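Subject: Structure handover

Hello,

Here is the structure you asked about. Please open it first, then read the notes below.

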Amino acid sequence: MTSKNPINTAQPEELTGAQILLKALAAEGVEVIFGYPGGQVLPIYDEIYRTKNITHILTRHEQGAVHAADGYARSTGKPGVCLATSGPGATNLVTGIANAYMDSVPIVAITGQVPSALLGRDSFQEADIVGITTPITKYSYLVKDVKDLARVIHEAFHIATTGRPGPVLIDIPKDITTEKTEFIYPPSLELPGYRLKSTVNLEQVNKAAEAIVKAKQPVLFVGGGVISSGASEEIGKLIELTDIPLTYSLMGKGAFPDNREQCLGMLGMHGTAYANYAAYESDLIFGIGVRFDDRVTGRLDTFGTQAKIIHIDIDPAEIGKNVQVDIPLAGDVKKVLQELNKVLENKGYRPAIEPWKQKIAEWKNKYPLKYETVPGVIKPQFVVEQIYAATNGEAYICTEVGQNQMWAAQYYSSLKPRNFITSGGLGTMGFGLPAAMGVQMAHPEAVVFNIAGDGSIQMNSQEFATIVQNKLPINVAILNNHTLGMVRQWQELFFDKHYSHTSMTGQPDFVKLADAYGAVGLRVEKPEDVRPALEEAISSPKAYILDFIIEADEKVYPMVPAGCSINNMLGR
């Protein structure tokens, strides 16, 4: 493998480890680092002080730094970078690293470590971050020799961004950052244990094409792997060739435009009724870059029982992990779909599915996404719809986790990939606000919204300070029901209304909080004031906190109760 960023154009110069780190990051095209300084990374921060070509964003918590790097990566496709010191600084990254790992997001997390001579001695602010993060990273490095540092960084970026993307951690003892060696950026990589599948099994592709043309009730089910591989165009071509209805996982939102006729919206626990019915009655489920996780399948022994299942995934370990697969297609989604589309087009394969399309149209008409309007009451679904209308669907939408996340997924129509940023696999409350910082840094001219609940926004609300300091015009729409809404919904439906510790009556005044940080706060209590407030925020160069007061009893419907099949929905 050859370096994509050769920079060794002159005689090798002797540099410190910190200098090598910054030069290597620049060689990898890094433009921004999100981080928080501390004792063991002071040599690195001293070098950052001298550096002109990389911007450092000082977050208010290391968790904010890793989520910001995550948001940057999700919205650009480029690796996000975060930096923290040893011990608690490093362990504060753990939630964000796990979050990125679950959603296959490429980030490079750099941590300082106590000097090599103090390793393993329970030294001040020492933690075995490599051991801690091994299960939640693609790879973790402890750099033991400054001569290895440039190679390690080069490898880390390669591993994070190739194959199934994911986080890589580099732990650097302080003495490594101050020692000197000749800086030679490796012109090539030698990773004999890291092999990427580059070929497509054409025999399996032909089997898939034949299964598609024979199907009477097929459904495409796309996930985040489509977005990671940049395969939205190929999905569009597949739809053009077959006209098969498409549903998606939460991570697949944006892979195909929500406003197209073939799109059925999200599948699963809070998916649309017509998507769930379609998957339940399908005779062919074509999973593309998805994990078939439990939120989607519902009761596993009832999922796809009448269907032949085709599954494309870049990670062979995902195929057959949760559902039995009839036609496995291991490989990069984009490459496999290109071959499949060729076969379908060359052979003129097109399934005869008019009766199936008619049946789905009837479900769409009978069971649309809906909510009841009440005079004088702000409905959260209405707020999300108005954000879409006010931005023409062009905004980057970040979410927290809970009811706010599901309402956003249901009622904001994504028109292109990488503009709906959410924590899917780990479901991390507190993700949205710092992720929005990463998105806004990557897209300074874009309109960025974080749709939040009053519970989740308090998980990382300290990052309002980072937002204001860096003049990021992020809009935060809090759907404020004074409760942990999703947990309360479960308590009401399945625990006899035992609202155990879900009331948030002790929360701050979010308007005053905005003022305290130097942002603008607006409280909105009437439906007719929703749109003007959104338009004021969108047109302003300042950060806004919009506190929309909604009812605690509003629920997310449809809902598949845990342990039920996906055709068994409440509130359809």
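**Salt bridges**

Arg164, Asp315, Glu318 and Lys321 are joined in a network of salt bridges. A salt bridge here is a side-chain nitrogen of Lys or Arg within 4 Å of a carboxyl oxygen of Asp or Glu.

Before the rest, some ground rules. The model is predicted: local features need pLDDT of at least 70, side-chain atom pairs count only at pLDDT 80 or more, and totals for chains, interfaces and linings use all residues. Residues are numbered from 1 along each chain as its sequence is written, and side-chain values use heavy atoms, with hydrogens and water left out.

Searching the whole structure gives 27 salt bridges.

Glu13 pairs with Lys23, with the closest N and O atoms 3.8 Å apart. This pair links distant parts of the chain: Glu13 sits in strand β1 (residues 13–16) and Lys23 in helix α1, ten residues apart. Helices (H or I, at least four residues) and strands (E, at least two) are DSSP runs, numbered from the N terminus. Glu13 is partly exposed, at 39% relative accessible area. Lys23 is partly exposed too, at 36%. The cut-offs: buried is under 20% relative accessible area, exposed is over 50%, and partly exposed is in between (1.4 Å probe, protein chains only).

Lys359 and Glu281 meet at 2.7 Å, N to O. Lys359 is partly exposed, with a relative accessible area of 29%. Glu281 counts as partly exposed at 25%.

Glu535 bridges to Arg531, and their closest N and O atoms are 2.9 Å apart. Both lie in helix α22 (residues 530–539), four residues apart, or about one turn of the helix. An α-helix has 3.6 residues a turn, so residues three or four places apart point the same way. Glu535 is partly exposed at 40% relative accessibility, and Arg531 is partly exposed at 28%.

**A buried charge without a partner**

Which side chain of opposite charge is nearest to Glu62? The answer is Arg60, 11 Å away. Glu62 is buried yet has no salt bridge. For charge, Lys and Arg count as positive and Asp and Glu as negative; His and the chain ends are not counted. Glu62 belongs to helix α3 (residues 62–76). Leaving out residues up to four places away in sequence, Glu62 touches Tyr36, Ala84, Gly89, Asn92 and Leu93. Contact means heavy atoms within 4.5 Å.

**Cores**

The largest nonpolar core has 93 residues. Phe286, Ile288, Leu337 and Leu340 have the most contacts inside it. A nonpolar core is a set of buried Ala, Val, Leu, Ile, Met, Phe, Trp, Tyr and Cys residues joined through side-chain atoms within 4.5 Å. Beyond four places in sequence, Ile288 touches residues including Leu220, Phe221, Val222, Ile312 and Val333. A second, separate core has 47 residues, among them Phe34, Ala68, Val105 and Ile545.

Helix α2 (residues 42–50) has Pro43, Ile44, Tyr45, Glu47 and Ile48 as its buried residues. Their cover includes α1 (17–27), β2 (32–35), β3 (55–58), β4 (80–84) and α8 (174–178).

The structure holds one cavity of 30 Å³ or more. The largest cavity has a volume of about 40 Å³. On a 1 Å grid over the protein atoms alone, a cavity is a set of points where a 1.4 Å probe fits but cannot get out; a pocket is an open set with protein on both sides within 12 Å along at least five of seven lines; lining residues have an atom within 4 Å of a point. Grid points are joined across faces, edges and corners, and a volume is the space filled by probe spheres set on the points.

Residues lining the largest cavity include Phe464, Ile467, Val468, Tyr544 and Ile545. Helix α19 gives the largest share of that lining, three residues.

The second largest pocket has a volume of about 270 Å³. Of its 18 lining residues, Asp258, Tyr274, Leu369, Gln410 and Ser413 are the closest to its centre. Strand β11 gives the most to this lining, with four residues.

Best wishes
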